[in-house]
Amino acid sequence: MEIKNYMHTVHYYETDKMAISHHSNYIRWMEEARVDFLDQIGWGFEKMEAMGIVSPVLEVNCQYKKSTTFSDKIQIAVKVKEFKGLKLWIEYEMRNAATGELCAIGTSAHCFMHTNGKPIFMEKEYPEFYSIMKSHEIQK
């Protein structure tokens, strides 16, 4: 299954006094792209939460390469950097859709837990999810 890139249009309220996108917004865009990725693979948040699965953010990182401004269309490629069944690392590549210029590179780390806080080992408890995520993992 090929994953489509997520597209975000920079809103005016996301810009600062210098007319560029405020740095905090890139983290939000990564979250939007992750939610879209999970929907595309058939394991959206609504489904997981209905099954009692939560996936908190453990860490997030973003390297800013080129500023974006109001109305820019930002194409975000989401890749599974590494998945060990309990912990997931996602990589995000954000490019200006019109120019192809690299705007930012980000990563986020997540784990999987039951709503009661106990960890979920996805390979054992949800092998379908595990298999799908492993199939999207970047080959090293």
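**Close-up 1. E31 and its partner R34 in this predicted model.** With a relative accessibility of 34%, E31 counts as partly exposed. An α-helix has 3.6 residues a turn, so residues three or four places apart point the same way.

**Close-up 2. Helix α1 from end to end, residues 24-40.** The buried residues of the helix include Y26, W29, M30, F37 and L38. Just after α1 comes G42, with a positive phi of about 85°.

**Close-up 3. The salt bridge of K84 with E82.** Side chains of opposite charge can pair when their charged atoms come close. In this pair, the closest N and O atoms lie 3.2 Å apart. K84 counts as exposed, with 56% relative accessibility, while E82 counts as partly exposed, at 21%.

**Close-up 4. The salt bridge of K134 with E137.** Welcome to one more pair: the closest N and O atoms of K134 and E137 are 2.8 Å apart. Is E137 buried or exposed? E137 is buried, since its relative accessible area is 13%, under the 20% cut-off. K134, at 29% relative accessibility, counts as partly exposed. The structure holds four salt bridges, among them this one.

How values were computed. Residues are numbered from 1 along each chain as its sequence is written. This is a predicted model: local features need pLDDT of at least 70, side-chain atom pairs count only at pLDDT 80 or more; totals for chains, interfaces and linings use all residues. Side-chain values use heavy atoms; hydrogens and water are left out. Helices (H or I, at least four residues) and strands (E, at least two) are DSSP runs, numbered from the N terminus. The expected span of a helix is 1.5 Å times one less than its number of residues. Buried means under 20% relative accessible area, exposed over 50%, partly exposed in between (1.4 Å probe, protein chains only). A salt bridge is a side-chain nitrogen of Lys or Arg within 4 Å of a carboxyl oxygen of Asp or Glu.
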